[in-house]
Amino acid sequence: MEYMKVKGVDKKVSKLVMGTAWFDPEFKDEIFEMLDLYVEKGGNVIDTGRFYGRGAGIANVERILKEWMDARQNREQLVFIDKCCHPIITPDGKHHPEYWRVKPYIITDDLHYSLYHTGLDYFDIYLLHRDDPSVPVACIMDRLEQHRKEGLIKAYGVSNWELDRVKEAEAYCQAKGYQGLSVNNPSYSLAKVMKTRWPGCVYADDNYAKWHEGTGVSLFSWAAQAHGFFADIYDENAPQDIKDAFFSEENFERLRRCKELGKQKGVDSINIALAYVFNQTFPVAAVIGSRSRVEFASCLMASEIKLTPKEVAYLNLTSDTL
């Protein structure tokens, strides 16, 4: 397991982050086994939020995590990421962007709700899950810095914000003498996304991602494996939102090159695609959603693959030669 430093967090931070969006009480034994395996192999970052989960697990993941932490007594070993201001999700899994929950008082409400249901005294990292460009960054950053000074969070950041808003927020924090953004959490992968899968989600391109160099803001990517596209599991029967997002001539060429390079290195195409994310010149971590030992082993292997600058350029179609 490889680690990184995140501003404001006094623990080392594993570059593989365990995501919890798939959690459901029905799979509690499976969840506990996966969390135990993740920690056993050196992982220590868990990413969750008030509305996370599937099926009966919608908005119940934090309770599941509390039960696991209470049983293991391991809170101080962990770096806990929680998120606020997600739009309402109904039990059928549908997002409702007509009620966009990006307001300072909701930051506070979600924070106290999540602290209570996880049983924690503080979160190591606290992120806004969405953005509302009509809300000034000043009142959002003021509230996050307030909660940091209260000791309820150690570090803060944003998720699914366009780069201009991230820059504006960070500039405001610097002007005010705040600790400022520690983490930015868009989706970032080898794929180039044509249409977002959910309202308000942001898929960073390479120009966006490279902004993180030298800023002190770490990039934590969700969907770093492009929702399984580079596992080569989709055909003409793929879900329409996957087709709309990823089915382009350029992305299939990237997939072909992942297969080619994977054969040379003795790994699968999905390993190469995730390795691409880790082999950048800025600080980056990836949120994974492993549901089996095989899936986790694949992610762990990918995090340890070293790519040359020529290989990175070849995968991203900026060079045609290895």
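Is Gly8 buried, partly exposed or exposed? This is a predicted model, and in it Gly8 is partly exposed, with a relative accessible area of 34%. Gly8 sits in the loop that runs between β1 (3-4) and β2 (13-14). Leaving out residues up to four places away in sequence, Gly8 touches Lys154, Ala155 and Gln179. Gly8 and Arg148 are 140 residues apart in sequence, yet their C-alpha atoms are 9.6 Å apart in space.

Next come the helix pairs. Start with α1 (residues 28-40) and α2 (residues 61-72). Their axes come within 11 Å and cross at roughly 55 degrees. The crossing of α1 past α2 is right-handed. From α1, the residues in the contact are Lys28, Ile31, Phe32, Leu35, Asp36 and Val39. From α2, they are Ile64, Leu65, Glu67, Trp68 and Arg72. Sorted by class, this contact has 7 nonpolar and 4 charged residues, with no polar ones. The spacing on α1 can be read against helix geometry. An α-helix has 3.6 residues a turn, so residues three or four places apart point the same way.

The second pair is α9 (residues 269-278) with α10 (residues 293-304). Here the axes come within 8 Å, and the crossing angle is roughly 50 degrees. This pair, α9 and α10, is therefore oblique as well. The crossing of α9 and α10 is right-handed. On the α9 side, Ile270, Asn271, Leu274, Ala275 and Phe278 make the contact. On the α10 side, the residues are Ser298, Cys299, Met301, Ala302 and Ser303. The classes are 7 nonpolar and 3 polar, with no charged residues.

How many of the 10 residues of α9 are buried? The count is 10 of 10, so α9 is largely enclosed by the rest of the structure.

Follow the chain out of α9. Asn279 is in the loop between α9 and β14 (284-288). Asn279 counts as buried because its relative accessibility is 19%, and the cut-off for buried is under 20%. Setting aside neighbours within four places in sequence, Asn279 is in contact with Ile305, Lys306, Leu307 and Val312.

Now the cysteines. How many disulfides does the structure hold? The number is 0. A disulfide is a covalent bond between the sulfur atoms of two cysteines. For Cys139, the closest cysteine sulfur is in Cys85, 10 Å away, which is too far for a bond. The cut-off for a disulfide is 2.5 Å between the sulfur atoms. Cys139 itself is partly exposed, at 27% relative accessibility. Cys258 is in no disulfide either, and the nearest cysteine sulfur, that of Cys299, is 14 Å away. Cys258 is buried, with a relative accessible area of 0%.

Cys85 lies in the loop between β5 (79-84) and β6 (88-89). Its phi is near 65 degrees, a positive value in a residue other than glycine. Cys85 counts as buried, at 0% relative accessibility.

Asp232 is not a glycine, but its phi is positive, at about 60 degrees. Its place is the loop between β13 (218-221) and α7 (240-246). With 36% relative accessibility, Asp232 counts as partly exposed.

One stop remains, in helix α5 (residues 163-176), where Ala171 lies. Ala171 is partly exposed, with a relative accessible area of 44%. How far apart are the C-alpha atoms of Ala171 and Leu181? They are separated by 9.7 Å, and the two residues are 10 residues apart along the chain.

Conventions. Residues are numbered from 1 along each chain as its sequence is written. This is a predicted model: local features need pLDDT of at least 70, side-chain atom pairs count only at pLDDT 80 or more; totals for chains, interfaces and linings use all residues. Side-chain values use heavy atoms; hydrogens and water are left out. Axes are lines fitted to C-alpha atoms, for helices over the stretch in contact, and angles run from 0 to 180 degrees between N-to-C directions. Helices (H or I, at least four residues) and strands (E, at least two) are DSSP runs, numbered from the N terminus. Angles under 35 degrees count as roughly parallel, over 145 as roughly antiparallel, 65 to 115 as roughly perpendicular and the rest as oblique. A crossing is left-handed if the near helix is turned anticlockwise from the far one by less than a right angle, and right-handed if clockwise. Contact means heavy atoms within 4.5 Å. Ala, Val, Leu, Ile, Met, Phe, Trp, Tyr, Cys and Pro count as nonpolar, Asp, Glu, Lys and Arg as charged, and the others, Gly among them, as polar. Buried means under 20% relative accessible area, exposed over 50%, partly exposed in between (1.4 Å probe, protein chains only).
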